[in-house]
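Me: I am new to this structure and would like to go through its side-chain contacts step by step. Could you take my questions in turn?

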Amino acid sequence: MARLADHFLSEEHLIFREQTRRFVQDKLAPHVDEWEEKKHFPGEVYQWLGDAGLLGVTAPEEMGGAGGDLFYAMIFAEEMCRSGSSGLAAGVGSLGISLPPLIHHGTPEQVDKFVRPVLAGKKVSALGVTEPGAGSDVASIRTRAVRDGDHYIVNGAKSFITSGTRADFITTVVRTGGEGFGGISLLVIESNRDGFSVARNMPKMGWHASDTAELAFDNVRVPVENLIGSENGGFYLLMENFASERLSLAFMAVEMAQLAFEESMKYVQDRRAFGKTLAGHQVTRHKLAEMVAGIDLCRTYNYALAARIIAGDNPMMEVAIAKNKSVDMASEVIDQAVQLHGGYGYMREFLVERLYRDIRLFPIGGGTREVMNEIISKMILPR
Ligand SMILES: Cc1cc2nc3c(=O)[nH]c(=O)nc-3n(C[C@H](O)[C@H](O)[C@H](O)COP(=O)(O)OP(=O)(O)OC[C@H]3O[C@@H](n4cnc5c(N)ncnc54)[C@H](O)[C@@H]3O)c2cc1C
C-alpha cells in the first residue's frame, strides 16, 4: 500500500521500525486481549521496554535515552498501537507526556531522581493537568501549591490521569500564583507522600488496558526542589508539552486506521455474500480505496509536520490540524471497517470493535476537537 511518508525516513528509522515491530509483536501483542479484558497490564512491561531501550527514544543519551529525533518517538507510538491496544500504548505513553518538561527544563538532580528511573523501566510517571472542574480551560485549574519555607503545601484534585493509579510520581500542574495562565507552575509530586491518594480508578468506554485515575492532594508537603522551571512559569512548559502529545495522538490515530484497514482487507477477501467475496463488490472496493487515500494523506501530512518540527519550527496551527484531521479520518475509517465486518464487527473478538471504542477518546484527550479549532481559528482570523 502507498506509503509516501516513508520518504521522510532514513534507513536507520526503518530499521528501528522493524526492530520495534518485532518486539511489540513478539512480547506484547500476544497478551493484549488478556490485558484488555483484565483492564490492566503488568508492571513488568515497563521493565521489558526499558531493557529493550525503547523508553525515551528521543531523550538525550546522557539522561539514559537513545538521543533519536522526533520520528523515533512517533514510530514507537505507531508500533505500540500495532499491538492492537492503544490503551496499552497510552499507559506506557504516560511517560511521553510527563517527562518532557523534566528533560527540557529539569535540574540535573531532577533528571537523576525522576527521568533516569522511568527511562530504565523502574518507575512510572504520569501527567496531572485535568481537574474535575477544569479540562480545556487549563488556565482555571484550582489545585493550589502554597509556599511554606522550603516546601509547597498542595491541596486539590486531578481527574482522568492516565497511569495515575500506579505512577511513582506525577508531573502536576498547580497554581502557585494568581488567576490565569501566569499563576501556573509544574511540580513533581511523588505518590508516596503523606496526603496523596488515588481517589478511584475511573471505569471507561475504551483504552481498557490503561488505568485512568482521580487523584486527591490533601496538604501534601512537596520540597521546593521538585518545582520544574520557574515559579509561575509553567504555562509555556505545558504548551510545549501539549504540542508533542497532540502530534503523537495524530500518529496513533493514523496507525489505528491502518490496522482497521488491514483487518478489513483480510475480512472482505474471505467473507462471501451473493456468490462472491465482499471484495468482489464494487462498493466494498471503493470503501477500501477511500480508506487508503485518507490514511496516506494524513500520514504524509503528519510526517511532513514532524520533519518541520525536527528542523526547529513550532507549527502550533499545523499540529492542531494534524490532530483533528487524523482523528476524523481514523474515526471514519474505523467506522467503515466495523460496517464491512457486519455483525462480527460488533463482537469483542474482532479487533475493529476495540478500535471503534478506543478511537472515541481521540477527539477528546490531549485537547478536544473544539480546542484545536480554537487554535486554528485564532491563527487565521485577525484579533
Ligand atoms: C481516557 C482519558 C485519558 C486522559 N488522560 C489524561 C492525563 O493523563 N492527564 C491529564 O491531565 N488529562 C487527561 N485526560 C483529560 C483530557 O485531556 C480532558 O478530558 C480534555 O482535555 C477535555 O477536558 P474536559 O474533559 O474537562 O472537558 P471540558 O473542557 O469540560 O469540555 C467539554 C466539552 O466542551 C467543549 N468546550 C470547552 N471549551 C470550549 C470552547 N471554548 N468552545 C467550544 N467548545 C468548548 C469541549 O470541546 C468539550 O466538547 C484524559 C481523558 C481521558 C478521557
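Me: Which residues form one aromatic cluster with Trp 35?
Reply: This is a predicted model, and in it Trp 35 belongs to an aromatic cluster of three named residues. One of them, Phe 41, also has Arg 166 lying over its face, at 4.0 Å from the ring centre.

Me: How many aromatic pairs does the structure hold, and what is the geometry of Phe 16 and Tyr 72?
Reply: The structure holds eleven aromatic pairs. For Phe 16 and Tyr 72, the ring centres are 5.1 Å apart and the planes stand at 65 degrees. An angle over 60 degrees counts as edge-to-face, so the pair of Phe 16 and Tyr 72 is edge-to-face.

Me: Where in the chain do Phe 16 and Tyr 72 lie, and how many residues apart are they?
Reply: Phe 16 lies in helix 1, which covers residues 11-28, while Tyr 72 lies in helix 4, which covers residues 70-81. Both Phe 16 and Tyr 72 are buried. Their pair links distant parts of the chain, and the separation is 56 residues.

Me: Which residue forms a salt bridge with Arg 17 at 3.1 Å?
Reply: A search of the whole structure finds 24 salt bridges. The one asked about links distant parts of the chain, with Arg 17 in helix 1 and its partner in helix 4, 62 residues apart. Both residues are buried, and the partner of Arg 17 is Glu 79.

Me: Why does the salt bridge of Arg 221 and Asp 148 tie together separate parts of the sequence?
Reply: The side chains of Arg 221 and Asp 148 meet at 3.0 Å, N to O. Arg 221 lies in strand 7 and Asp 148 in strand 2, so the parts they tie together are 73 residues apart in sequence. Arg 221 is partly exposed at 39%, and Asp 148 likewise counts as partly exposed, at 38%.

Technical notes:
Residues numbered from 1 in each chain as written. Predicted model: local features only at pLDDT ≥ 70, side-chain atom pairs only at ≥ 80, totals over all residues. Heavy atoms only, no water. Phe/Tyr/Trp six-rings, centres within 6.5 Å; stacked < 30°, edge-to-face > 60°. Helix = DSSP H or I, 4+ residues; strand = E, 2+ residues; numbered from the N terminus. Buried < 20%, exposed > 50% of the residue type's maximum accessible area, 1.4 Å probe, protein only. Lys NZ or Arg CZ within 6 Å of the ring centre and 35° of its normal. Salt bridge = Lys/Arg side-chain N within 4 Å of Asp/Glu carboxyl O.
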